Amino acid sequence: MKKDFIEFMMHSNVLTFGEFVTKSGRNTPYFVNTGKYQTGEQIAKLGEFYAHCINENFSGKDFVLFGPAYKGIPLVVATAIALSTQYGINVKYCFNRKEVKDHGEGGAMVGYKLQDGDNVIIIEDVITAGTAIRECLPVLKQAANINVKGLIISVDRMERGQSDKTAIQEIDEEFGIKTYPIVTVQEIINNTTIDTTIKDKMEAYFEKYCVR
């Protein structure tokens, strides 16, 4: 499944190689941009990969999916659909607005209204320094006294966050939230279909910024 997902990202032009700058300001030879998914077939397939990851790591149906705006919105919808169609798991989902709505029903959340005690799984694209997660946690806590049970991402870049630990390790220690990636950057590097020159650049970046 991991190899299939890597090739799916490359074929969809979501995993690309070149010179990029991450949100944390690092120059990287590869980039994962889930905003590049642009067809119904692609987003449906993506939802299946996320649903598979959830089904492998979480038991039962007692959880709510949350997708941080903006990229998390199509991800959370596609995942909820795939869980229903592929596994018969009918979960609730919600996402936030970037700006609070001051008319109509108002509020910052769309979809299921979170309740105290809800178990929430966050659906995101990638995590580099953990900035996006730190931004969305207050939004969730403001909505209700919920329990974040985990974070599902496409790719774990395995990069150091604000210390010598990875952002994933920091989030686990700081908030008690475990992250479940569909693939890691090490698994991408080990993929035999990637050009050797690109692999060398990725290995160099890995040694400078990442933790094995």
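The model is predicted, so local features need pLDDT of at least 70, side-chain atom pairs count only at pLDDT 80 or more, and totals for chains, interfaces and linings use all residues. Residues are numbered from 1 along each chain as its sequence is written, and side-chain values use heavy atoms, with hydrogens and water left out. Helices (H or I, at least four residues) and strands (E, at least two) are DSSP runs, numbered from the N terminus.

**Helix H3 and Thr79**
- Let's start with Thr79, which sits in helix H3 (residues 72-87).
- Thr79 counts as buried because its relative accessibility is 0%; buried means under 20% relative accessible area, exposed over 50%, and partly exposed in between (1.4 Å probe, protein chains only).
- Setting aside residues up to four places away in sequence, Thr79 touches Gly47, Tyr50, Ala51, Ile54, Leu65 and Ile123, where contact means heavy atoms within 4.5 Å.
- The 16 residues of H3 should span 22 Å at 1.5 Å a residue, which agrees with the 21 Å between its end C-alpha atoms; the expected span is 1.5 Å times one less than the number of residues.
- Just past H3, Gly88 has a positive phi of about 70 degrees.

**H2 against H3**
- Helix H2 (residues 40-57) packs on H3 at about 70 degrees, with the axes 7 Å apart. Axes are lines fitted to C-alpha atoms, for helices over the stretch in contact, and angles run from 0 to 180 degrees between N-to-C directions.
- H2 and H3 are therefore roughly perpendicular (65 to 115 degrees; under 35 is roughly parallel, over 145 roughly antiparallel, and the rest oblique).
- The contact of H2 with H3 divides into 11 nonpolar, 5 polar and 1 charged residues. Ala, Val, Leu, Ile, Met, Phe, Trp, Tyr, Cys and Pro count as nonpolar, Asp, Glu, Lys and Arg as charged, and the others, Gly among them, as polar.

**H4 against H5**
- Helix H4 (residues 131-143) and helix H5 (residues 167-175) have axes that come within 10 Å and cross at roughly 30 degrees, which makes H4 roughly parallel to H5.
- Ile133, Arg134 and Leu137 in H4 meet Glu170, Ile171, Glu174 and Phe175 in H5. This contact has 4 nonpolar, no polar and 3 charged residues.

**Leu151 in strand S8**
- Leu151 belongs to strand S8 (residues 147-156) and is buried, at 1% relative accessible area.
- Its contacts beyond four places in sequence include Ile133 and Ile177.
- The C-alpha atoms of Leu151 and Ile123 are 6.1 Å apart, though 28 residues separate them along the chain.
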